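Me: I'd like to walk through this structure with you, one question at a time. Could you show it first?

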Amino acid sequence: MSTAPLPSQSALQAAGPVADTLLGVTGLLVGGAAVIFLGVMALLVFAARRHDGTLHARLWVIGGGVVFPTVVLVALFAYSEWHRPTWRAVPPKDALIVGITAHMWWWEVRYRDPATGAEIATANEIRIPVGRPVYFGLGSADVIHSFWVPALGGKMDMLPGRVQHLLLQADRPGTYRGQCAEYCGEQHARMALHVVAQAPAEFDAWLAAQAKPAAPPSSSSSSSSSSPDIERGREAFLANRCNACHTVRGVSEESRLGPDLTHVGSRLYLGAGTVPNNAENLAAWVAHTQQLKPGARMPSSGERIDAATLQSIAAFLGQLK
């Protein structure tokens, strides 16, 4: 059974300039708060032990209650303004533009093919080149969601009918886990996404492959299933109207109600981070969706489709890379 690399979801492991800035600000605030707390406790002990009346209440109130907080707050304001990211109404010239629409409970991801300008749709996984700024256009198809990849930067709410923008960058290759950070319903906890930062040449090759339609079964040499099994799975995919919700470019492009499955076999996880993507889990996901992710907008198919047909559908989807 294949396994996906263990992703990072920690704001303490900054992997980009935005996250690094936030980590520095956090460290300053935590350290400063600790110093102030210790200072207040020391003054409390000092005041409790003095009985000679030399402590002047008015002096301490003015100095400790007015002057000191004013100086600290002004300094923090200046520091935060100095480190605040520059707002850009338009993306930098060299930025990669990625559109993300949040759904209950998955992520629609869109790129532009640099060769043709055509839209490339994928789901629940974002690939980006290392060292290049990425300008995200964030929206929601239903309720309020929130885009948050702690290792790369802060969170941004995603509002229905409005496009928000976020500029992030990864400084080193890796897989970084993100999470919807705004409660959005029953499966909010299982609405994860993964950002895979790759070397620029590797990313360009991946994007070029994503722009292509699904490869026919006979040309797939990486699948462990035979071409007849995969072809039966393709026919079953269409016969059972899986294409009523899912697009597989080159096979059926009738709907975008659910995630685009054109290259689903190449993704690390299924169900927006619910389970790792491997043959066993793919078959289980098709058969027992509601057991794995109750409330998902996809019915379990195990009761109406026989096991052999389910396995063939899983084989067909697994070779879509």
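Me: Happy to have it on screen! Which residue in strand 2 is the bridge partner of Thr101?
Reply: Good place to begin, and please keep in mind that this is a predicted model. Strand 1 (residues 96-103) and strand 2 (residues 106-112) run antiparallel and are joined by 5 bridges. Within strand 2, Thr101 has as its bridge partner Glu108.

Me: In what order do the strands of the open sheet come?
Reply: The open sheet has 5 strands, and their pairing is mixed. At its edges are strand 3 (119-123) and strand 8 (164-168), each of which pairs on one side only. From one strand to the next, the twist averages 25°. Read across the sheet, the order is 3-2-1-5-8.

Me: What angle does the direction of helix 3 make with that of strand 2?
Reply: Helix 3 (residues 200-210) packs on the sheet, where it touches strand 1, strand 2 and strand 3. Relative to strand 2, the direction of helix 3 makes an angle of about 100°.

Me: Does Asn124 count as buried or exposed?
Reply: Asn124 belongs to the loop between strand 3 and strand 4 (125-129). Its phi is positive, about 65°, although Asn124 is not a glycine. The cut-off for a buried residue is under 20% relative accessible area. Since Asn124 has 12% relative accessibility, it counts as buried.

Me: And what is the relative accessibility of Arg241?
Reply: Arg241 is another residue other than glycine with a positive phi, here near 60°. Its place is the loop between helix 4 (227-239) and strand 11 (269-270). Arg241 counts as partly exposed, because its relative accessibility is 44%.

Me: How many charged residues are in the contact of helix 4 with helix 7?
Reply: Helix 4 contributes Asp229, Arg232 and Arg234, among others, and these residues meet a set in helix 7 that includes Ser312 and Phe316. The contact divides into 7 nonpolar and 3 polar residues, and the number of charged ones is 3.

Me: How far apart in space are Arg234 and Ser312, C-alpha to C-alpha?
Reply: Arg234 is in helix 4 and is partly exposed, with a relative accessible area of 25%. Leaving aside residues up to four places away in sequence, Arg234 touches Val251 and Phe316. Arg234 and Ser312 are 78 residues apart in sequence, while their C-alpha separation is 7.9 Å.

Me: One more pair: is the crossing of helix 5 and helix 7 right-handed or left-handed?
Reply: Helix 5 (residues 279-287) and helix 7 (residues 307-318) pack at about 125°, with axes 9 Å apart, and are therefore oblique to each other. The contact involves Leu282, Ala283, Val286 and Ala287 of helix 5, with Leu310, Gln311, Ala314, Leu317 and Gly318 of helix 7. These residues divide into 7 nonpolar, 2 polar and no charged. As for the crossing of helix 5 past helix 7, it is right-handed.

How values were computed:
Residues are numbered from 1 along each chain as its sequence is written. This is a predicted model: local features need pLDDT of at least 70, side-chain atom pairs count only at pLDDT 80 or more; totals for chains, interfaces and linings use all residues. Side-chain values use heavy atoms; hydrogens and water are left out. Axes are lines fitted to C-alpha atoms, for helices over the stretch in contact, and angles run from 0 to 180 degrees between N-to-C directions. Helices (H or I, at least four residues) and strands (E, at least two) are DSSP runs, numbered from the N terminus. Angles under 35 degrees count as roughly parallel, over 145 as roughly antiparallel, 65 to 115 as roughly perpendicular and the rest as oblique. A crossing is left-handed if the near helix is turned anticlockwise from the far one by less than a right angle, and right-handed if clockwise. Contact means heavy atoms within 4.5 Å. Ala, Val, Leu, Ile, Met, Phe, Trp, Tyr, Cys and Pro count as nonpolar, Asp, Glu, Lys and Arg as charged, and the others, Gly among them, as polar. Two strands pair if DSSP finds at least two bridges between them. Buried means under 20% relative accessible area, exposed over 50%, partly exposed in between (1.4 Å probe, protein chains only).
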